[in-house]
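Let us walk through a protein model, one step at a time. Keep the structure in view as you read.

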Amino acid sequence: MHPIPCSGAGLLHSRIFSLLMGMRVSPPYYLSALLAAGWFRRFLHKPKPSSVESLKSSHSASSSPSSSSSSTKSSSSSPGMSLATSSISLSPVSAPDISASDSPRWDKSYDVCICHSEGDVELVEELVSYLESQPESFRCFLQLRDAVAGSAVVTELCDAVQNSHCWVMLITPGFLQDPWCRYQMHQALAEAPMANGRTIPVLKDVDRKDYPRELRNIYYIYMALKEKSFKQIRDTVMRYLQELCQSSTKRME
């Protein structure tokens with residue numbers, strides 16, 4: 001009698017059966033041999049520890065007192081976790097308070113001087129009202145309102161430029177034709193030749209090709225929507241005052 005070949009455990013049992021039959025082994029011993037063969041097969045095919053279990057065991061070993069002083073150190077060994085932790089711990093840099101009592105903002109009488117032609121008074125008054133109503137209460141020089149009666153025009157224009165942090169040039173067709181506007185523009189450029197955010201040209205109803213040559217190295221605001229342009233002017237003045245406060249703080253340190 002020849003056993004039928006099969007695969008897996010059946011093949012192993014069939015070979016042992018043939019071997020025992022050739023050795024004339026009695027049935028009880030045959031059963032013992034089969035049981036031993038099953039035990040041997042399970043031993044050979046015993047599953048190895050899974051990778052998850054290996055990771056758990058290595059993690060528990062690394063978190064022991066002998067390998068790490070705290071769980072925080074072991075968790076920071078991963079670059080991704082370290083990056084996330086460091087990004088969370090970073091605190092945003094707070095903007096300087098331009099209204100503080102020791103702010104260099106108070107070194108000058110005005111935050112902004114509006115240079116304009118007489119034909120643009122109504123628009124300028126709206127801009128001044130907007131800036132002065134902001135939470136920062138920007139101090140604006142408006143020639144028709146703030147110029148001292150009886151003073152020379154040249155003196156008032158020069159004082160307004162020197163006593164202001166920023167200068168808004170409202171460049172309109174009337175501005176280009178007004179010699180006093182050009183005079184004040186030249187005074188502002190002489191006060192801050194490199195601009196540094198202090199000179200703020202604003203174009204309205206003027207073609208770009210007519211933009212004053214003296215201001216070609218300075219970016220301008222094109223007034224298409226009045227509200228949007230007012231906000232841009234406000235943000236530009238605010239940015240300059242904040243930078244002024246920051247530079248002053250660094251010098252003191």
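Is Arg182 buried, exposed or partly exposed? The model is a predicted one, and in it Arg182 has a relative accessible area of 27%. Buried means under 20% and exposed means over 50%, so Arg182 counts as partly exposed.

Now look at its partner. Side chains of opposite charge can pair when their charged atoms come close. Arg182 forms a salt bridge with Glu214, at 3.7 Å from N to O. This pair links distant parts of the chain. Arg182 sits in helix 10, residues 179-191. Glu214 sits in the loop between strand 4 (199-203) and strand 5 (221-222). The two are 32 residues apart. Glu214 is partly exposed too, at 32% relative accessibility.

How many salt bridges are there? The count comes to 11. Another of them joins the side chains of Asp111 and Arg139, at 2.9 Å from N to O. Asp111 belongs to strand 1, residues 110-115. Arg139 belongs to the loop between helix 6 (121-132) and strand 2 (140-141). They are 28 residues apart in sequence, so the pair ties together separate parts of the chain. Both Asp111 and Arg139 are buried.

Next, turn to helix 11, residues 226-252. Here Asp235 and Lys231 meet in a salt bridge, at 2.9 Å from N to O. They lie four residues apart, about one turn of the helix. Asp235 is partly exposed, with a relative accessible area of 24%. Lys231 is partly exposed as well, at 47%. Salt bridges with shared partners join Glu136, Lys231, Arg234 and Asp235 into one network.

Now for the empty space. Rolling a probe the size of a water molecule over the atoms shows where such space is left. The largest pocket holds about 250 Å³. It has 15 lining residues, and the closest to its centre are Gly197, Thr199, Tyr219, Thr236 and Arg239. Strand 4 and helix 11 each give two or more residues to this lining. Helix 11 gives the most, with four. By type, the lining has eight nonpolar, five polar and two charged residues.

The second largest pocket has a volume of about 190 Å³. Among its lining residues are His116, Glu118, Leu157, Asp178 and Trp180. Helix 7 (143-146), helix 8 (153-162) and helix 10 each give two or more residues. Which element gives the largest share of this lining? Helix 10 does, with three residues. Five lining residues are nonpolar, four are polar and two are charged.

Technical notes
Residues numbered from 1 in each chain as written. Predicted model: local features only at pLDDT ≥ 70, side-chain atom pairs only at ≥ 80, totals over all residues. Heavy atoms only, no water. Salt bridge = Lys/Arg side-chain N within 4 Å of Asp/Glu carboxyl O. Buried < 20%, exposed > 50% of the residue type's maximum accessible area, 1.4 Å probe, protein only. 1 Å grid on protein atoms, 1.4 Å probe; cavity = no way out; pocket = protein on both sides within 12 Å on 5 of 7 lines; lining within 4 Å. Points joined across faces, edges and corners; volume = space filled by probe spheres on them. Nonpolar A, V, L, I, M, F, W, Y, C, P; charged D, E, K, R; others polar.
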